[in-house]
Amino acid sequence: MVRFMSLSSGSCGNCYYLGTETSGILIDAGVSLRRLKKALAEHGLDHDSFSAVLVTHDHLDHIRHLGSYCKRLSKPVYTAEAIHKALARHTFTASAIGACRKVLAEGEWNEIAGMQVRYFTVPHDATQTVGYAIMIDGHNFLIMTDVGRVTDEAVEFAGKSDTVVIESNYDMDMLMGGRYTYELKMRIVQGCGHLSNDECASAIKRFWHPSLRNIFLCHLSENNNTHDLAYRCSCEALEQIGVEKGSVALRCLPRQYPSEMFYL
C-alpha cells in the first residue's frame, strides 16, 4: 500500500513523504530534522523509512534543512543537474551536499528506492523548478508545487496519474486587494510565480481522467487564500465537467503542520 503525507506545505517550509511498507522517499527538505523525525514517528516511521530526497528547486522554503539531512542522515539527494549546481553554491547546502549529490537523467525514468521517477520542468522564478512523476507500487503519483503556469507536459503527466499534488496558491481578489507591494503581486501572477485557485481549477479540467482518484491542493498562501476558497474552486471545476461526486478525493494540505497519513 502506498502512503503519502505532507509534513509542511507553504512558504513556511515544504516537505512530503511518499512510500510503501518497504521503501520511501522525501520530496523537498523545508522542515527541520527534529520536526521530520517527530512527524514520521507518529506513524511508526523513522529516518530509515526513506532512502532518498528529491528536490524541486533551490528556494529556501524547499531546501532550508537539506544540508542538515545530508550531514546527519547521508541520504542521496536527487534532482536535475542545473538545480544541483545551484545547491553546490547555496549557503544552506554548499558545504554538505557533495557526497549526497545524485543527478537525474533528463527525459528518462530513473530508478530510486524501488520507484520510477521522472522530472519535468515547470515555470517558476528559481534556477530551475521541476515537478515529479513517480511510479510506485502500481500507482502513478505526480507532484508540482511552486508553478507559475501549468505546461502541456505537466498536463500530459497528470493525465496519466491517479494521484496529483498541485499548487493552489492564491485567490486573485485576496491577492490584489491585499497589502503586498505591486512588484510582489506581479511576481506572483505573471507566469513564473505561483498558481492561483482559478488556474489550478482550469488545470484540473484539462488533466482529469476516469482513473484519477486523489487531488491534493498544496502551497496555499497564508495571506492570500483560505482552504475553503481553494477547495470550492477546484470542486466546482470537477462539477463543471460532470465528475461524479466522491469519485475523486479532493483535499487541501495544511501549511504549517503535518497532514494525516493518506493511503492511496
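Trp 109 counts as partly exposed, at 35% relative accessibility, in a structure that is a predicted model. This Trp 109 sits in the loop between strand 6 and strand 7 (110-112), and its ring forms an edge-to-face aromatic pair with the ring of Phe 157.

**Aromatic rings**

- A pair of aromatic rings is described by the distance of the centres and the angle of the planes.
- A search of the whole structure finds six aromatic pairs, and in one of them the rings of Trp 109 and Phe 157 lie 6.4 Å apart, centre to centre, with 80 degrees between the planes.
- Phe 157 belongs to helix 5 (residues 152-158), so that its pairing with Trp 109 links parts of the chain that are 48 residues apart; Phe 157 itself is buried, with a relative accessible area of 13%.
- Phe 157 also pairs with Phe 120, and here the arrangement is stacked, with 5.3 Å from centre to centre and 20 degrees between the planes.
- Phe 120 lies in strand 8, and this second pair again links distant parts of the chain, 37 residues apart; Phe 120 is buried, its relative accessible area being 1%.
- One aromatic cluster is formed by Phe 4, Tyr 16, Phe 141, Phe 216 and Phe 262.
- A charged side chain meets a ring where Lys 75 lies over the face of Phe 50, at 5.1 Å from the ring centre.

**The open sheet and its helices**

- Seven strands make up an open sheet with mixed pairing, and their order across the sheet is 6-5-4-3-2-1-14.
- Strand 6 (101-103) and strand 14 (262-263) stand at the edges with a single partner strand each, so one side of each is left without a neighbour in the sheet.
- Within this sheet, strand 2 (residues 13-19) pairs with strand 3 (residues 24-27) in the antiparallel sense over four bridges, and Tyr 17 stands opposite Leu 26 in strand 3.
- Helix 1 (residues 33-41) lies across strand 1 (3-10), strand 2 and strand 3, and runs at about 145 degrees to strand 1.
- Helix 4 (residues 81-89) packs on the sheet as well, where it touches strand 5 (77-79) and strand 6, and its direction makes about 130 degrees with that of strand 5.

**Salt bridges**

- The count of salt bridges comes to six, and among them is the one between Arg 187 and Asp 125, whose closest N and O atoms are 2.6 Å apart.
- Arg 187 lies in helix 7 (residues 182-189) and Asp 125 in the loop between strand 8 (115-121) and strand 9 (130-136), so the pair ties together parts that are 62 residues apart in sequence.
- Arg 187 is partly exposed, with a relative accessible area of 32%, and Asp 125 is partly exposed at 33%.
- Arg 255 and Glu 222 meet through their side chains in another salt bridge, at 3.5 Å from N to O; Arg 255 counts as buried at 11% relative accessibility, whereas Glu 222 is exposed at 52%.

**A buried loop residue**

- Thr 129 is found in the loop between strand 8 and strand 9, and at 1% relative accessibility this residue counts as buried.
- Leaving aside residues up to four places away in sequence, Thr 129 touches several residues, including Thr 56, His 57, Phe 120 and Asp 146.

Note on methods: Residues numbered from 1 in each chain as written. Predicted model: local features only at pLDDT ≥ 70, side-chain atom pairs only at ≥ 80, totals over all residues. Heavy atoms only, no water. Pairing = 2+ DSSP bridges. Helix = DSSP H or I, 4+ residues; strand = E, 2+ residues; numbered from the N terminus. Contact = heavy atoms within 4.5 Å. Axes fitted to C-alpha atoms, helices over the stretch in contact; angles between N-to-C directions. Salt bridge = Lys/Arg side-chain N within 4 Å of Asp/Glu carboxyl O. Buried < 20%, exposed > 50% of the residue type's maximum accessible area, 1.4 Å probe, protein only. Phe/Tyr/Trp six-rings, centres within 6.5 Å; stacked < 30°, edge-to-face > 60°. Lys NZ or Arg CZ within 6 Å of the ring centre and 35° of its normal.
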